[in-house]
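Q: I would like to learn how to read a few backbone features in a model. Could you take me through them one at a time?

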Amino acid sequence: MKFKFTFFGLIISLFATAQINYAFTTSSIAFAANASPTVLQGASIDDGISTSTPIGFDFCYGGVVYTTFQASTNGVMFLGTTAAGSNLTNNLNTSSDRPAIAPLWDDLKTSTTGNVNYKLTGVSPNRVLTIEWLNMLWNYVAAGPVITFQAKLYETTNVVDFRYLQNGTAVNGGSASIGLGGQTSGDYYSLNGTGATPAASKVVETTALNTKPANNQVYIWTPTNCAGAPTGGTALASPSFSCVTYNTNLSLSGATSACGITYQWQSASAAAGPWTSITGATAPTTIVSVSSTTYYRCVLSCGASTGTSSTVTASLAAAGACGLCAVSAIASLPFSLTGQTTCGQGNDVTSTNVTNVCGSTSYYGGEDVVYSFTPTVSGLISVNVTSTGSYMGIMLYSGCPVSGGTCVGNAQSSAGNQTLCVNVTSGQTYYLVIDSWPAPACNPFDVSISAPGPCSGSIAGATAVASPTFACGTLTTNLSLTGVNACGATYQWQSSTAIGGPYTNIVGATTSNYLATTTVSVYYRNLLTCGASTAVSSVVQTSVNPTPTVACSLSTYVSAAITYSFESFVGTTLPTTDDILFNTIINFGFPVCYGGSQYWGGYVASNGAFVFDGVPCYPNILTSTYAAGGVATGYTIPNP
């Protein structure tokens, strides 16, 4: 059995959202194998993927020009990728490695006489790249070569075609897809069969093809090139605001995407123009430096016809308090604000411009919002940020973060919700930075800050947790609490030998986590205090079993010179014959202490021996090497 592991990572698209648009036709052309090709994957390779390899010419696919590819032994190739997986599971619809060209995508393997190779033929502007899967096993455990096939990419026309030649071995459990995958998830073409005239669907992916296409069968994909005036779509800038010179990524949404379209980004200092073409900015996206408030748009051309995008503004504002952009001053505490976002606010506070990094540098990479406040009394405050986003970080500074401010505290994690409990001093100005990882670049959020005091929040409903809860002889367990949402609460762990009490304070156990040691079964709980309020957590039980002093013995042993060898026995009835080892474990359903160790089951011998969990009550009896019923195991238990 083979397993596919999928790794989720960050993918930053450098292209406008594209849709693949192709006309599908079929033909029959004599198959011609590549002569003296370059081999990408050799013989007997399972789940191999080539390195990024030059196509040899500019190839337009889905409105995007590609110059490199990777080919997998599993009958699929990817354009423009550098670290694609071998992708043993066919998925034109939602595979993370895209775009994909799949002449026969399944769990394949090169045979002992096979390989994956390529060859570039012809002269510009009519060159052809042919990727060939030679003598492939379909699927990977087939007895011999099942099929040979090719994918051809044509310069200038940007046509793709698939060609096939049958080998002698039958298909072994095929479940293939044939078709094309676009740049975005959900955009694909899938053939519904392998005959002379299958249909190509953009709605249903067929993933169980198990019949060889005929010899010399050709499936042809002809792109729909641009025609008429293209739609300019909406221009986007990210980020779009800062008070220092910054780089912004310009992109398009909703624009026409087709081969043959050219792009030219333009800039202006006023929304009405005049407009100036930006040198080199001729792709669907481009990165520009913003040193003053600037307006941007993109002109798309298809032959003599043109279309223009909407205008987007990238703003440069004057620096605010302590050199930061748009610091929001909080007049008094407590403070609460909902429906906020860091999107469009720029990355004002970074790990390189702060005087002191507060926590991890990773949480300074997204767009950020900064609040300032000056408490009128000293005490504990609780800062709570809730967000449907992820990888949020909140960093609280005493003083300006970029000019000498010191870190008071932080809360950072992959989650969106963050809570911080810290002491503040009356008359001191604090700066709260709400930021994130570079991806996601920004997040929505709500924020609240409590008034300074001895304690705030809820202590009701706390749950006591012990880990572990059982041991033989002596138990050392970590006591902790969940469900506490209070800033400044005090803690007192208590213990009792009866669930109903009485409970006694444990000396020194005044934190939310405590390491307790006991030689008897004990019940624990925590008494929490927040100002004038008190609450008791749930009770958690721990169990300690004494260590028995009974010696391990075999009841029928009569002499120290006697040893017993055992045969294996399989069944659900305990053995009743002589010299038999019952080799199905007996599960107690509860832990048992023996010799200072804890066991949950064991094995019975007809001579009166019991072996805990396959470890020795005397010599070790290995459960993995038992023989069949009635055959000697070779294991012996000596008379003690």
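This is a predicted model: local features need pLDDT of at least 70, side-chain atom pairs count only at pLDDT 80 or more; totals for chains, interfaces and linings use all residues.

Q: In what order do the strands of the open sheet of five strands run?
A: Read a sheet by its strand order, then by its pairing. Here the order is β24-β26-β31-β28-β29, and the pairing is mixed.

Q: Which are the edge strands?
A: An edge strand pairs on one side only, and in this sheet that applies to β24 (328-329) and β29 (406-412).

Q: In what sense do β24 and β26 pair, parallel or antiparallel?
A: The sense is parallel, with two bridges between β24 and β26 (residues 369-373). Within β26, Ser372 is the bridge partner of Ala329.

Q: What is phi of Asn87, and where does Asn87 lie?
A: Phi is near 55°, a positive value in a residue other than glycine. Asn87 belongs to the loop between β5 (76-79) and β6 (100-105).

Q: Is Asn87 buried or exposed?
A: Asn87 has a relative accessible area of 7%, so it counts as buried, the cut-off being under 20%.

Q: What about Asn216?
A: Asn216 has phi near 70°, again positive in a residue other than glycine, and lies in the loop between β13 (200-201) and β14 (217-223). Its relative accessible area is 26%, so Asn216 is partly exposed.

Key. Residues are numbered from 1 along each chain as its sequence is written. Side-chain values use heavy atoms; hydrogens and water are left out. Two strands pair if DSSP finds at least two bridges between them. Helices (H or I, at least four residues) and strands (E, at least two) are DSSP runs, numbered from the N terminus. Buried means under 20% relative accessible area, exposed over 50%, partly exposed in between (1.4 Å probe, protein chains only).
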